[in-house]
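Open the structure in your viewer and keep the sequence panel at hand. This tour goes from one selection to the next.

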Amino acid sequence: MRDYHGIIFAYHDEPALRDLTANRTAASLPFCSRYRLIDFALSSLRNAGILDVGVIMQRDYQSLLDHIGSSKAWDMSRKSGGLRMLPPFGLPQYHTGNYNGTIEALNAVATYIRRIPQKHVVLLLGNMAANIDLDAVIRQHEKAGTDATAICAGQGLESLHSNYILGEDGLVQYIDLFRTGEAKGIPSLEGYIFKKDKLLELMDVCQTRNLFRFHQDAITYFLNEAGGKMDVYVHPGYAKIIRSVDEYYEASRDVLTPAVRHELFPADRPVRTKIHEDVSTYYGEQAVSRNSLVGDNCIIEGEIEDCIVFSGCHIGVGAKLKGCILMRHCVVEPGARLEYVIADKAARFSENSVLIGSPKLPTVVPKDEHI
Amino acid sequence: MKKSCIAMLLAGGQGSRLYALTQNVAKPSVPFGGKYRIIDFPLSNCANSGIDTVGVLTQYKPLQLNSYIGTGQPWDLDVSDGGVYILPPYLGAHEQGSWFTGTANAIYQNLAFIENYDPENVLILSGDHIYKMDYAKMLKEHLEKDAACTIAVLQVSLEEATRFGIMNVGEDGYVSEFEEKPKHPKSDLASMGIYIFNWQKLRKYLIEDEADPNSSKDFGKNIIPNMLKNGEKLWPYRFDGYWRDVGTITSLWDANMDMLSTTLINLYDPDWPISSRSPVCPPHYTGKKAEIVHSIVTEGCEIEGHVENSVLSPSVRVGEGAKVLYSVLMPGAVVEPGATVEYAIVGENTVIKAGAHVGAEPDGTDAWGVATCGPDITIREGAVIPAAAMIYTGEEV
């Protein structure tokens with residue numbers, strides 16, 4: 001057993017994801033034709049042999065529960081240890097409203113954290129598209145011997161907040177939470193390895209002072225007052241935290257690029273997910289499929305370009321789709337024309353219907369909607 | 001615990017007429033129809049028919065089959081009071097025991113397994129047929145007709161009948177005569193190699209047959225004729241759906257092509273899913289210049305070239321400018337840019353290098369046939385593999 005325990009934050013209910021998170025958390029957002037975002041965190045842990053994992057959830061978690069199931073898909077259905085779902089327990093205040101911050105979310109499941117038998121805790125966001133090599137993070141963490149290691153982005157993340165600035169010793173000197181003008185430092189992916197004792201200390205201090213936030217309160221205390229030492233691991237591959245429809249659409253489009261796909265799905269660190277589909281996808285006599293990702297169990301008879309199609313979709317003859325995301329079981333009837341549309345599960349588009357969004361502002365069609 | 005019916009699946013055959021494709025694996029684990037392996041069909045049929053206890057008899061090169069079946073979870077056959085069991089031949093005390101010497105002997109050697117469940121009936125299946133069948137209906141008829149054995153039969157043309165075991169039926173509807181590959185068939189009811197036996201009767205005939213030194217220990221040659229001779233009631237269960245034996249290269253290729261048509265066999269029917277162990281790859285990607293017409297494609301594939309009338313298994317790659325026509329590509333096969341594969345079966349992880357040409361269009365001659373490359377082969381750049389060729393693993397081409 002590794003001396004590491006995983007904690008995934010899956011409680012976020014991002015308002016900027018609008019209808020996409022009406023009935024689910026950001027972590028259970030369907031992504032890339034067959035996955036949900038939390039698959040990345042779960043698979044990163046699994047691929048590093050970390051099978052004892054707590055998933056912090058607060059509300060709207062039905063789809064998350066359904067997706068994780070017995071957690072067998074990630075080998076986390078264990079006789080000893082394994083995956084635990086962590087809805088709020090303990091104080092009644094945690095059952096109402098949203099968690100004010102990550103520290104409050106951790107405090108809501110404090111008894112669980114205290115009982116973690118491992119010495120180190122790996123904290124990961126559930127709503128991030130990144131395949132993190134935690135073996136490499138752990139190697140670096142152990143070599144540095146610090147209380148904490150922050151997982152940061154090596155590329156592409158133009159974050160305006162939570163950037164780490166390093167000192168001459170190569171360790172974190174301070175954190176830049178907000179900055180007007182040009183960003184500096186290394187953007188945080190909000191993933192960490194903490195010594196469990198240190199993490200509990202931060203939780204207690206924040207609880208005492210009635211503080212809730214991870215970066216603003218806990219990390220600032222850790223670096224400034226407690227004199228904590230924190231190393232930084234720079235994740236070399238693709239990474240994107242998904243908090244808005246724009247970010248979701250952008251990340252989905254990014255996956256169409258082979259380089260991004262190979263960073264998210266490397267052969268030696270597979271992304272595992274719940275398996276639904278048992279049958280291949282059929283392309284009809286008049287089908288055209290260009291620069292698209294398509295799940296299984298689809299029937300494609302029309303034309304798709306720059307699309308992400310989830311499993312179980314049916315695209316009729318003569319239908320034309322460009323730049324669309326169709327979640328599971330969507331039906332596009334013959335002759336329909338869709339551009340820059342994000343259709344949630346089981347949406348249906350009638351014959352010859354037309355719906356045009358824009359690449360900057362894709363149109364979101366809610367679950368089960370009939371257009 | 002007593003069961004009404006358990007299944008015994010004969011999966012030990014070599015499948016020697018698949019040549020290179022079964023050089024290192026048993027026939028039931030040969031990839032089929034995109035996401036499947038042949039054994040997915042009988043296993044899924046069992047699960048869908050409510051038969052939750054299946055013994056899989058293995059013998060020839062079982063490694064891949066064993067790991068594929070695993071706990072039986074993909075077919076929901078991982079249940080606590082039954083499930084799927086791999087039953088290899090074994091040795092007993094004083095080195096008694098042997099390889100399975102025939103289909104009946106294979107069951108005989110596993111009497112102890114069957115008796116664990118003390119079933120009323122035993123369903124005998126083979127692992128090399130593609131079909132969807134509700135065994136519960138067959139069992140119902142078996143019980144209604146109070147038969148010692150019910151044999152699933154398919155109506156075939158009289159020409160075809162010469163290749164099958166043929167059931168002749170009396171006026172009462174029961175089987176009156178059984179002829180193996182008759183020259184002049186008297187009936188068009190062909191045995192599908194699917195039997196339900198009353199277990200107590202079968203047990204008796206198996207023990208008697210085992211004691212007969214002249215018997216070839218085979219269901220079709222010995223058990224069924226012996227039962228007929230003794231006046232047991234044998235009922236023909238008429239099946240009229242899609243059923244194919246995929247024991248030869250041509251029939252395997254033909255049946256794969258059938259999967260492109262939903263009217264022959266509908267694999268998209270949510271009420272009768274054929275399940276498989278999924279490799280969990282990313283979704284398939286179709287490139288900017290890809291053309292995919294009348295084909296099935298599945299997870300992990302990356303298609304940049306032209307694919308037409310073909311069946312692609314997981315993680316197949318087709319490079320830019322490559323052509324794949326009327327072909328079956330097994331998991332992990334790679335067709336490099338500019339290569340052509342037509343009327344061919346390409347085995348697992350075989351690489352067709354740039355500019356190579358595998359197979360050829362039918363030319364109307366008897367010499368024509370589907371070209372086959374076994375698994376783990378590299379066909380070198382610019383090589384030409386003619387129609388009907390058979391390339392084995394380890395060959396330099």
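**Where the chains meet**

Between chain B and chain A, the rule finds three salt bridges. The rule asks for a side-chain nitrogen of Lys or Arg within 4 Å of a carboxyl oxygen of Asp or Glu. This is a predicted model: local features need pLDDT of at least 70, side-chain atom pairs count only at pLDDT 80 or more, and totals for chains, interfaces and linings use all residues. Residues are numbered from 1 along each chain as its sequence is written, chains are lettered from A and ligands numbered from 1 in the order in which they are written, and side-chain values use heavy atoms, with hydrogens and water left out.

Select B:Glu299 and A:Arg34. Their side chains form a salt bridge, 2.7 Å from N to O.

Now select the whole contact (heavy atoms within 4.5 Å). Chain B gives 34 residues and chain A gives 34 residues. Together the two chains bury about 2700 Å², with 51% of it on carbon and sulfur atoms. Buried area is the accessible area (1.4 Å probe) that two parts lose on being put together, summed over both.

Next, pick B:Tyr268, B:Pro283 and B:Tyr285. In chain B, these lose the most area to chain A, together 24% of what that side buries.

Finish on the strands (DSSP runs of E, at least two residues, numbered from the N terminus). Select β16 of chain A, residues 292-294. Three bridges join this strand to β14(B), and the two run antiparallel; strands pair if DSSP finds at least two bridges between them. Which residue stands opposite A:Leu293 in β14(B)? Look at B:Tyr285.

Terms used. Helices (H or I, at least four residues) and strands (E, at least two) are DSSP runs, numbered from the N terminus.
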